[in-house]
Amino acid sequence: MTNIASGRTGLTGLAALAAALLASTAAFAFTLDGPPKVAFIYGSAALDGGWNEALEAGRKAVEEQLKLEVAVTENIPEEATKLRAAIDLYVKRGFNIIVGTTYGYSVPMAEAAKAYPNVAFLSASGTENGPNMESFYARTYQGWYLAGVAAGQATKTKKIGILAGFPVSVVNWDINSFALGARSVDPSIETVAVFTNSWWDPVKEGQVAQAILDQNADVLATNLSATSALDVAEKAGVPSIGFQLDMSHAAPKTIQTSVVFRWEKYLVPTIKEIIDGTWQPEEYGAFEGMDAGVVELAPFGPGVSDEAKAKVEAARQAIVAGTLDPFQGPLNKQDGSAAVEAGARLDDGALWSMDYFVQGITGTMPAAQ
Amino acid sequence: MDFLVGWIAIVPSYATPLLLASLGLIVCERAGILNLGAEGLMAVGAMTGAIAVLSGVDPWAALAAGAAAGTALALLFGIATVVMRADHTLSGLAVVAVGLGLTGVVGRPYMQKTFPGIASLGELFGIERTTALGRSVAVQDPVTLAMPVLVALLWWWLMKSGSGLRLRAVGENPAAADVAGIDIQIAQLGAVLVSGLLCGLAGAYLCVATSHVWVEGMIAARGWVAVALVIFARWNPARALIGALVFGSADALVPRLQAIGADIPVYLAMMLPYLLTLVVLVASSIAGRASGEPSFLGRIYLRQDKH
């Protein structure tokens, strides 16, 4: 069995070894061994109105700005064998820059990266990195802090709400930062946070939104891809905040803003570096924020006052300048214990392991149980 | 108090799609056809409802379109099981696969587009949400209000009317029903179509009345809950109403407990409806014949065979 396999891959293996030796002598930068051919692989439809669609906008920017044609494959499930088959096919056809768009691709992509050392792999919201692979995510909490500043000025009941998918770090920091942004306006503001325990159930999202409004919250934010929560907010006449893409179409009257990704700010320069032979993957992945423009706020809705806009803009500039960090200590956890000491800031390791709510949030954190 | 009112008021919207689908399945299974296809029938209903609204059709007509689409897919299921006498379990699972696959392909251009849905009573009659009573009434919609009537009618027809008796006879003892002059295939095909109609309506309701947006896979196993509800209800429409309310209450409670920061084991609480299903399944299998299962359910009737 192993003999057959090694027999078939022996030649490519040898070539790969030679290439790896060559690459290791040429500093640490990664070089392509042919003309650049880029492919994006999606776990579901590219135009899903949320996460994928934000990446798809990045793909189009790569096409336009780098004058490249970028191939697309959709609906490749997060299964190692299916993803690997798609990657193998692309590599055989001469593609040498492959962008995976979902978290579940990360580990099988890392295996493919080892098998194809001359191919560059970029993994959205991935966990794996290597000499020819880089995971990338964005400091979404910075955008959510600004959303909190907007929400804090819109609320009259001093109670705002947010619904989210699962209690994982990338979600927890959004919720916490949202609450902290609101409390920067008025420390008495309480944030109701509810997990739907699904990434993809618009029926439940609408129902959870109603549950939050029933708690007397008068601003509603969604951390999910579907717009049904915003629809509930619009009907109730409650200011709302969207995520991933500009969701104003779902709540044209009540939307405040949306926290959006601008993946082209990462993808275009990174792919250009790969083509130029100057790319050096970050050891722990690319993790940029508003200063790089990867996270932004969508245009404000009609109900946002000029005063509120000015306050959000001031906070935005402070974040970009690095003088404001949402997770600046002292910060307490929901139960009153210390999360961040006075004067300290959370490092990236602490961000990626965030499994708690901060003080001022009403909600049940399953991870704490 | 506010918590209780908010919770109870929202339960009908959780229960309605489950109830609609399980009522359809009850009619179908009373005629002896085991129908595991609810998930697929609902998926087709939801997508068709969304496409209809997005194409400018009135939301009420969109509900009807969803029901019609469910009926069309059920017709295929009926041809397989009733006419071709294929295995019910396999045909039902095929309906799920076809329904989910078809909606993924056909519905793609319609994903994530917010649309106006069925208006709630609050919007229809301008009910103020200031009082507890006002709020509870305002969140209901005409479909949820119609549910008790539908259950009563269906119960009366199935349990008390002559044609209901004949349908049940087909599911209990088709040979005897055949001898009595009932056209078995017509009765079964009709029952299958009713299940498609109601499951399609349930899916369209989820989309057009609740979420106001369609995404692939949005039925999210609610069809399977409906399948379990049928067993819980022991094939009785009145008990299905109770079952749907119990399941709906459990489902609606979890996010509300989270929203007040209640110190509850969230994952355990979310398991409750499914745990309940499991208990029901075990209990009904222990009960055996007393479970109320139609005697000929899932079996294939051939006239020349002796039963």
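The radius of gyration is taken over C-alpha atoms, and the globule rule sets it at 2.2 Å times the number of residues to the power 0.38. The legends below describe a predicted model.

**Figure 1. Overall dimensions and composition of chain A.** For the 369 residues of chain A, a compact globule would have a radius of gyration near 21 Å, and the value of 22 Å for chain A agrees with this. The C-alpha trace of chain A spans about 70 × 40 × 40 Å along its principal axes. Chain A holds 11 helices and 15 strands. Of its 369 residues, 51% are buried. Among contacts in chain A with a separation of 6 or more, 65% are between residues 24 or more positions apart.

**Figure 2. The two domains of chain A and the contact between them.** Chain A is divided into domain 1, covering 2–138, and domain 2, covering 140–260 + 296–368. A distance of 34 Å separates the C-alpha centres of domain 1 of chain A and domain 2 of chain A. Where these domains of chain A meet, eight residues of domain 1 are in contact with six residues of domain 2. On the side of domain 1 of chain A that touches domain 2, helix H2 (51–66) and strand E5 (133–138) of chain A are the elements that give two or more residues. H2(A) gives the most to that side, with three residues. By class, this side of domain 1 of chain A has four nonpolar, two polar and two charged residues.

**Figure 3. Strand E3 of chain A and its two parallel neighbours.** Strand E3 of chain A comprises residues 97–100, with Ile97(A) and Val99(A) pointing one way and Ile98(A) and Gly100(A) the other way. All of these residues are buried. Strand E1 of chain A, residues 38–41, pairs with E3(A) in the parallel sense over four bridges. Within that pairing, Phe40(A) stands opposite Val99(A). E3(A) also pairs in the parallel sense with strand E4 of chain A, residues 120–124, again over four bridges. Here the bridge partner of Val99(A) is Leu122(A) in E4(A).

**Figure 4. The seven-stranded open sheet of chain A.** Seven strands of chain A form an open sheet in the order E12-E10-E9-E8-E6-E7-E15, with mixed pairing. Its edge strands are E12 (295–297) and E15 (361–362) of chain A, each of which pairs on one side only. Strand E9 of chain A, residues 240–244, runs parallel to strand E10 of chain A, residues 255–261, and five bridges join them. In this pairing Gln244(A) stands opposite Val260(A) of E10(A).

**Figure 5. The largest nonpolar core.** This core has 205 residues, and the members that touch the most other members are Ile212(A), Leu220(A), Ala21(B), Ala46(B), Tyr205(B), Trp214(B) and Leu229(B). Helix H10 of chain B, residues 184–211, supplies the largest share of the core, with 17 residues. Domain 1 (2–138) and domain 2 (140–260 + 296–368) of chain A each contribute at least three residues to the core. Leaving aside residues up to four places away in sequence, Leu220(A) touches Gly161(A), Ala209(A), Ile212(A), Leu213(A), Ala229(A), Ala233(A), Val238(A) and Ser240(A).

Figure 6. Chain B contains 13 helices and zero strands. From the N terminus on, its elements run α-α-α-α-α-α-α-α-α-α-α-α-α. The radius of gyration of chain B is 20 Å, close to the 19 Å that the globule rule gives for 307 residues, so chain B is as compact as a globular protein of that length. Along its principal axes, the C-alpha trace of chain B spans about 65 × 45 × 35 Å. Buried residues account for 51% of the 307 residues in chain B. Of the contacts in chain B between residues at least 6 apart in sequence, 78% join residues at least 24 apart.

**Figure 7. The contact between chain A and chain B.** The contact takes 34 residues from chain A and 32 residues from chain B. On the side of chain B that touches chain A, at least two residues come from each of helix H1 (2–30), H10, helix H12 (237–259) and helix H13 (266–287) of chain B. H12(B) gives the most to this side, with six residues. By class, the side of chain B that touches chain A has 19 nonpolar, nine polar and four charged residues.

Key:
Residues numbered from 1 in each chain as written. Chains lettered and ligands numbered in written order. Predicted model: local features only at pLDDT ≥ 70, side-chain atom pairs only at ≥ 80, totals over all residues. Domains from an automatic or database assignment. Contact = placed C-beta atoms within 7 Å. Nonpolar A, V, L, I, M, F, W, Y, C, P; charged D, E, K, R; others polar. Core = buried A, V, L, I, M, F, W, Y, C linked by C-beta atoms within 7 Å. Buried ≥ 20, exposed ≤ 12 C-beta atoms within 10 Å, placed from the backbone. Pairing = 2+ DSSP bridges.
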